[in-house]
Amino acid sequence: YFRSRIEEEIARAKRKNYVFTLVLMEIVGMDEFVEMYGEPERRKALMKIAGMINEIFRTTDLLGRHGDNQFLMMLPETDDRSSVIPIMRLKKLLTSAGFGPDKRFNFDVNFGVSCYPKDVTEVGGLLSLASASLKRSTQKGTGMITLASSLFRKGPGQN
């Protein structure tokens with residue numbers, strides 16, 4: 001479903017000449033959480049996280065699960081840099097919320113962001129770049145946000 005909605009958004013963005021962004025978020029620490037509290041609490045935590053995502057993002061944004069510990073958000077008419085604003089709000093909310101029956105567990109999150117048409121113009125590429133950006137965030141540590149456009153920049157000493 002999500003993939004078909006991205007295809008629809010690409011068609012709409014081409015027609016109306018606007019940008020949109022895909023945000024891939026990974027919950028860090030879920031395995032440790034499950035070891036401590038078990039699978040039923042994991043389901044409760046994911047529901048709570050989904051509620052927080054709904055609270056932060058607009059009703060026009062498309063939100064969904066993507067894998068065990070990942071969520072995918074599509075933000076119409078939002079470029080990659082503008083997407084950082086709700087991402088930071090979500091990050092702050094998630095990292096300060098207590099999870100588990102004792103409300104003492106805090107998750108961290110990493111994000112990967114790709115933008116149409118700035119980074120790529122087809123569905124597979126948007127998803128791949130968001131995933132590659134998330135991978136880069138994970139390599140850098142926790143609590144990181146990586147824009148796909150930064151993957152193309154050469155740093156000092158790189159050819």
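Is Val23 buried or exposed? I looked this up first: Val23 is buried, with a relative accessible area of 0%. (Buried means under 20% relative accessible area, exposed over 50%, and partly exposed in between, with a 1.4 Å probe and protein chains only.)

A note on what I am working with. I have a predicted model, where local features need pLDDT of at least 70 and side-chain atom pairs count only at pLDDT 80 or more, while totals for chains, interfaces and linings use all residues. Residues are numbered from 1 along each chain as its sequence is written, and side-chain values use heavy atoms, with hydrogens and water left out.

**Entry: around Val23**

I found Val23 in strand β1 (residues 20–28). Helices (H or I, at least four residues) and strands (E, at least two) are DSSP runs, numbered from the N terminus. Next I listed what Val23 touches, skipping residues up to four places away in sequence: among them are Phe71, Met73, Ile87 and Phe111. Contact here means heavy atoms within 4.5 Å. I also checked Thr146, which is 123 residues from Val23 along the chain; their C-alpha atoms are separated by 9.8 Å.

**Entry: the sheet**

What is the order of the strands in the open sheet? I read off β2-β3-β1-β4-β5, five strands with mixed pairing. Two strands pair if DSSP finds at least two bridges between them. β2 (62–65) and β5 (145–147) stand at the edges with a single partner strand each, so one side of each has no neighbour in the sheet. From one strand to the next, the twist averages 15 degrees.

I then followed β1 to strand β3 (residues 70–76): seven bridges join them, and they run antiparallel. Phe20 stands opposite Pro76 in β3.

Helices came next. Helix α3 (residues 39–56) lies across β1, β2 and β3, at about 15 degrees to β3. α4 packs on the sheet too, touching β1, β3, β4 and β5, and its direction makes about 165 degrees with that of β4. Axes are lines fitted to C-alpha atoms, for helices over the stretch in contact, and angles run from 0 to 180 degrees between N-to-C directions.

**Entry: rings**

Rings of Phe, Tyr and Trp (its six-membered ring) pair if their centres lie within 6.5 Å; planes under 30 degrees apart count as stacked, over 60 as edge-to-face and the rest as tilted. By this rule I get seven aromatic pairs. Phe33 and Phe105 have ring centres 5.1 Å apart and planes at 70 degrees, so they are edge-to-face. Phe33 lies in helix α2 (residues 30–37) and Phe105 in the loop between α4 (80–96) and β4 (108–116), so this pair ties together parts 72 residues apart in sequence. Both residues, Phe33 and Phe105, are buried. Tyr37 also pairs edge-to-face with Phe105, at 6.3 Å centre to centre and 85 degrees between the planes. Ring pairs link Phe33, Tyr37, Phe99, Phe105 and Phe107 into a cluster.

**Entry: the cores**

A nonpolar core is a set of buried Ala, Val, Leu, Ile, Met, Phe, Trp, Tyr and Cys residues joined through side-chain atoms within 4.5 Å. The largest has 27 residues, and those with the most contacts inside it include Met25, Phe99 and Phe107. Which element gives the largest share of this core? I found that α3 does, with six residues. Apart from this core lies another, of 19 residues, among them Ala13 and Tyr116.
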